Amino acid sequence: METVRIALLGAGTVGSSLVELLEAHRARLEAFGYRAELVSVLVRDAGKPRPGIPGHLLTTDPGALAEADVLVEVMGGTELAGDLVLRALEADTPVITANKALLAERWGELRGYAEDGLLYYEASVMAGTPVIGALQSLWGNRLLELHAILNGTCNYILNRLEAGVPYAQALKEAQDKGYAEADPTLDVGGFDAAHKLTVLSRLTVDPGLAWEGVRANTRGIETLTPELLGEAHAGGQVIRLVGSLFPQDGRWVGKVRPVRLPASHPLALMGSARNALVCRTQEVGELVFSGAGAGGHVTASAVLGDLYRLVAGQPGHLPIPAPLPVPEVQVEALEEV
């Protein structure tokens, strides 16, 4: 039986859920020939009780992470988390992360390690719905376009607007339910979805696609009203915040913005708590993925799945090796709001 020593960076909702799942999966991991041992949990306040996590594992000392065979990063943010992730990777320690912002914004520093198979990030997009691995399996296809609902907070708010609830009230409800942060800008401004779209873009069409370009093409939902969504509904449409990847003028373009969709569109059929992705390829046509896109146990399940991937000897998620030729196809643009 081989022991895998795990350092956990962050002990919030996802981190505590992962600790719970590690215990629940102890026997299954041992069937793989591995014993998972949590050796340290880096937090900002080691004196704060963390239910389910032994107090002696809590630390504020980044040096404790060096004892591990694998670093699991669920802290979020791009500065401290990014520096510690890079420190681990520089020491050839594999990293499992759910941090889409880090992957999007500091890709220049991370790309080489991802290409070496040291970076696992299934949980970074759509949480436990396994689109990262699925899209990597589609390299044998020629991607024509991709459209996705990638932010559950926006989806919830838009569903409430459809019900006639004013934007400010819908946002407060989302905050009260824990869907939105006190500062909701990342979500409602479209930036969280843009981070995720950037990650998907580098996996599918261009390993060097720039975050700045996607960010420049990003608009959120702050100006939408119940009246606007009611008008769309009356015309047989729904309004959703959609991230899209498509060819335009000889290059790949990533864009996030509110769009009008026919009520029969696969992305229009998703409930308020679900994420969804539709991609169209030359070889297999249209593929649809949908599932839960947030939540402690949902996200932790994908992190744990990456741990299984690691102990099974599989590399992390590789970006596509080189930019795909831009297809000479006519893509019907979605109607922007």
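Salt bridges and cavities

A: Lys172 and Asp176 form a salt bridge, with their closest N and O atoms 3.0 Å apart. A salt bridge here is a side-chain nitrogen of Lys or Arg within 4 Å of a carboxyl oxygen of Asp or Glu.

Q: What should I know about the model and the numbering?
A: The model is predicted: local features need pLDDT of at least 70, side-chain atom pairs count only at pLDDT 80 or more, and totals for chains, interfaces and linings use all residues. Residues are numbered from 1 along each chain as its sequence is written, and side-chain values use heavy atoms, with hydrogens and water left out.

Q: OK. Where do Lys172 and Asp176 lie?
A: Both are in helix H8 (residues 167–176), four residues apart, about one turn of the helix. Helices are DSSP runs of H or I with at least four residues, strands are runs of E with at least two, and both are numbered from the N terminus.

Q: What does Arg240 pair with?
A: Arg240 forms a salt bridge with Glu162, at 2.9 Å between the closest N and O atoms. Arg240 lies in strand S8 (residues 237–248) and Glu162 in helix H7 (residues 152–162), so the pair ties together parts 78 residues apart in sequence.

Q: Which buried residue has no salt bridge?
A: Asp306 is one of that kind; the nearest side chain of opposite charge, Arg309, is 5.1 Å away. For charge, Lys and Arg count as positive and Asp and Glu as negative, while His and the chain ends are not counted.

Q: Where is Asp306, and what does it touch?
A: Asp306 is in helix H13 (residues 296–311). Leaving aside neighbours within four places in sequence, Asp306 is in contact (heavy atoms within 4.5 Å) with Ile96, Tyr120, Tyr121, Glu122, Ala123 and His317.

Q: Changing topic: how many cavities of 30 Å³ or more are there?
A: Four. On a 1 Å grid over the protein atoms alone, a cavity is a set of points where a 1.4 Å probe fits but cannot get out, and lining residues have an atom within 4 Å of a point. Points are joined across faces, edges and corners, and a volume is the space filled by probe spheres set on them.

Q: What lines the largest cavity?
A: The largest cavity holds about 80 Å³ of space, and its lining includes Leu135, Trp139, Asn141 and Cys279. The lining divides into seven nonpolar residues, three polar and no charged. Ala, Val, Leu, Ile, Met, Phe, Trp, Tyr, Cys and Pro count as nonpolar, Asp, Glu, Lys and Arg as charged, and the others, Gly among them, as polar.

Q: And the second largest cavity, what lines that?
A: Leu103, Trp107, Tyr121, Val199, Arg202 and Leu203, around about 40 Å³ of space. Helix H10 (residues 191–204) gives the most to this lining, with three residues.

Technical notes: On a 1 Å grid over the protein atoms alone, a cavity is a set of points where a 1.4 Å probe fits but cannot get out, and a pocket is an open set with protein on both sides within 12 Å along at least five of seven lines; lining residues have an atom within 4 Å of a point. Buried means under 20% relative accessible area, exposed over 50%, partly exposed in between (1.4 Å probe, protein chains only).
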